[in-house]
Amino acid sequence: MEAFSQLLQQLYFTSSNNEKSRLLRHYLAHTADPDRGWAIAALAGTLKFEFFKRNAVKNLMLERVDPDLFAMSYDYVGEMSETVAHLWPDATTSIELPGLAELIDQFRQANREQVKALLLHYLSGITAEQRWSLLKLGTRGLRVGLSARSVKRILAEYGDVPVSEIETLWHALKPPYRELFDWLEGRAEKPDISGAVTFHPVMLSHPLPDDKATQLSVEDWLVEYKYDGIRVQLVITEQGKALYSRTGDDISESFPDVLAGIEEPGVIDGELLVINDGKIEYFNALQQRLNRKKPTKKLIAERPAGIVVYDLLTDNDEDITSLPLIKRRQRLEHWLSRASANHLLISPLLSVDSNAQLQQTYADAAEDAGVEGLMLKRKDSSYQPGRPSGQWYKWKREALHLDAVVMYAQRGHGKRSSFYSDFTFGVWQDDTLLPIGKAYSGFTDEELKKLDNWVRRNAMGRFGPVREVKKELVVEVAFDAIHPSTRHKSGVALRFPRFHRIRWDKPASEADTLANARALIIE
Amino acid sequence: MQADKWLQPRDNGLYCVAADCYIDPTAPVNRALITHGHADHAISGHHSVVATAPTIAIMRTRYGEDMAQTVEALDYGHTIELGDPDDPVSCTFYPAGHILGSAQILLSYRGTRVVISGDYKRQPDPTCPPFTAIDCDVFITEATFALPVFKHPPIEQECKKLLQSLALFPERCHLVGVYALGKCQRMILGLRALGYNQPIYLHGAQRRLCDLYEEHGIRLGQLIDVADVADKSELAGEIVLAPPSALSDRWSRSLPEVRKAMASGWMQIRARAHQRQVELPLIVSDHCDWQALLDTIDEVSPGEVWITHGREDALLHQLTTKGVKARALSLIGYDEDATD
Ligand SMILES: [Zn+2]
Ligand SMILES: [Zn+2]
């Protein structure tokens, strides 16, 4: 564990990517299995514990510190592991931490109570630095400035293999990745993963550049709607089936209705939505499903989930990612007819014969509450993981705008922990402001400093992480859509709200009203 | 007479009504009492200034000979009377242990004693006499590091960290961000105490105050201006002290394979270090950490505590919970990052 702890500290304070790669490769070369494999799992975010979690740590801490002081400390530091590492009373006697694999094993074997005991034992015998590393392990996603993708890139460098091969293997392998290291170090063949139920890295799009729509040759492109759901991947093999989020999380348990009744092998790319009798519902309906890890029968009946499918990566057992999109699309249609599932709809192709017609289709899509805009994909595009340039574009509907009044502010987390950077804003209903959303972005660093300063000078409530501020600052917020919502007091919910402009000049009384906001809802 | 009747927070800082003067005002005023030379406490342009002799020397070094119309130097332990001779406020300076010349100011009026401690610390510092606890009715404390997460390690430990890194990366120039007044000289002395007798290199901004410390009998060993080094590659494996702002500006690009370090109490919070792209954070502070603040207030044991700049919330909460009478003064204009 000591070597891993040092690695984390070094990675955290190293900004150069080359240097990070050098550090990690050095660690891999000098650390034995299975420790190094678990280190990779921790860094890439594939290590999970059932009971060693943020909350367990927080509760233990709260038994030892005044809750208000804890809240203020956390608010200031911005991160749980570090807050607790500093707050925990310093050790009087020191103990040695076991090796990483052994330590992880202890925490994985332990039940809820045993995890508490383990934490108590270790935290009270190690230094603040070690506490930080230990706690980071339990709070998934170590955030030491190394993304899962970078870890894979570094593994590829370590074994001198193309990163795409690591990507393809990745989700089929489990920590501590012995067979991966055996291959990377030349002692064994590449692991065989054919038939495994595993996530395949997805292909992403770029925003459409400003003048592109008028210049592209429409005959080279497929045009589809951009749906307002979440991107998913459906994987069905002889060995089983699963539903994954676009980041590779297995979300099968939350959507049993999507997996039910499909046996046709394939890997399908599409958008998860609530689909009632073939009709797609608004994002709000899906939100209710997303909030439930294990949905009730009633919720499933009321909000049945389905997929609008748009791509096929594997047809039966055959990898077809290198075929052009137009061919994959045909294979997808055949696959769908074989699968015969009512809750899978194909994403219709919009017929576009000219650039003018493309513009008109985009304008029409903006009037459609169920979609976010258009997708433009090159007919000859192969399916390439990542974000290859010039292949796929998203053309989102123009943002909507409202002038709202800042009501509450909260410090950001991580890098922004020293600034008030999270803002709740509202609009008027008669003489009252009703909160309609929260925004964390859309301002420059310079503006962030000014906002932070403004909050400090205009705070009213001075306690806890949230500061109420004087209702004097107007911001023009931009957002993708506004929907009716029963979960908010204002009765509306915004999609992707962010700051557009800070109206230092505008009096709060001239901000928008709830009626103005409602008028933007597309029925 | 109750302290809040004659000592009040105003826009320009803490104002003593009975003596018609400000303590550490943030804008030019007629009469100012200055606790110490850090820029957020001592500015130029006051009509008259009372401070310790080293503080006056620091202000002259920074702002020029005409930094005020009249100056009066007051030694530790000596008392002067201010205001109406028939109803005076007596004023005495005591060591604060913060930086060279730093003082706590005791104001006493009609039987009520108030100590304005300025910035202070309890860790040993060879550049100034240690903080002394003064019996008082009201103790005014700063709260720069007033959160229980702040624990300042001994400076030896942090200087060792720097020397270890130097041994580990002998090809890299170790560029350390330090405030020019106080932190710079304390780091030099910390390194000297560990037997580091190599020359230490200075950014131009550090030179004048180091010379001033030397004039006050504080031996800093051999210091060389970076500007005087013709071949900058000679700075590989050497220590260069520079203001924090120079860590990422153009100037640092002339140095060979820079390893960025910074000596500050804020460096304990990793995100802060990260923000400044510091690779080697050194936790060195000229303020009290949480425990030292609480211990000091215990030791002084005043009737009441007033809290000024920093994290007033947490200290106020803790004192109130313990049954100590306390209030936050909410003075504006003291920049939490300007000094530390
Ligand atoms: Zn100071
Ligand atoms: Zn200060």
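I began with the elements: helices (H or I, at least four residues) and strands (E, at least two) are DSSP runs, numbered from the N terminus. With that I placed A:Pro176 in the loop between α11 and α12 (178–184) of chain A.

Entry 1, conventions. I noted that this is a predicted model, in which local features need pLDDT of at least 70, side-chain atom pairs count only at pLDDT 80 or more, and totals for chains, interfaces and linings use all residues. Residues are numbered from 1 along each chain as its sequence is written, chains are lettered from A and ligands numbered from 1 in the order in which they are written, and side-chain values use heavy atoms, with hydrogens and water left out.

I found a cis peptide bond between A:Pro175 and A:Pro176, with omega about 5°. Another cis peptide bond joins A:Asp33 and A:Pro34, with omega about -5°. A:Pro34 is in the loop between α2 (17–30) and α3 (35–44) of chain A. In chain B I looked up B:Asp24, a residue other than glycine whose phi is positive, near 50°. B:Asp24 belongs to the loop between β3 (21–23) and β4 of chain B.

Two packed helices are described by the angle between their axes and the distance between the axes. Axes are lines fitted to C-alpha atoms, for helices over the stretch in contact, and angles run from 0 to 180 degrees between N-to-C directions. Angles under 35 degrees count as roughly parallel, over 145 as roughly antiparallel, 65 to 115 as roughly perpendicular and the rest as oblique.

I read an angle of about 120° between α10 (residues 148–159) and α11 (residues 163–170) of chain A, with axes 8 Å apart. α10(A) is therefore oblique to α11(A). Contact means heavy atoms within 4.5 Å. On the α10(A) side I listed A:Arg149, A:Lys152, A:Arg153, A:Leu155 and A:Ala156, which meet A:Val163, A:Ile166, A:Glu167 and A:Trp170 in α11(A). These contact residues comprise 5 nonpolar, no polar and 4 charged; Ala, Val, Leu, Ile, Met, Phe, Trp, Tyr, Cys and Pro count as nonpolar, Asp, Glu, Lys and Arg as charged, and the others, Gly among them, as polar.

I then took α8 (residues 112–123) and α9 (residues 128–138) of chain A, whose axes come within 10 Å and cross at roughly 160°. α8(A) and α9(A) are therefore roughly antiparallel. A:Leu119, A:Tyr122 and A:Leu123 in α8(A) meet A:Arg131, A:Leu134 and A:Leu135 in α9(A).

I recorded that the axes of α7 (residues 290–300) and α8 (residues 312–321) of chain B come within 12 Å and cross at roughly 45°. That makes α7(B) oblique to α8(B). B:Trp290, B:Leu294 and B:Ile297 in α7(B) meet B:Ala314, B:Leu315, B:Gln318 and B:Leu319 in α8(B).

Which residues are the protein donors of the zinc ion (ligand 1)? They are B:His36 (NE2), B:His38 (ND1), B:His98 (NE2) and B:Asp119 (OD), lying 2.2 Å from the ion. Donors are N, O and S atoms within 2.8 Å of the metal (3.2 Å for Na, K and Ca); water is not among the atoms, so sites may look incomplete. I noted that B:Asp119 bridges ligand 1 and the zinc ion (ligand 2), which lie 3.9 Å apart.
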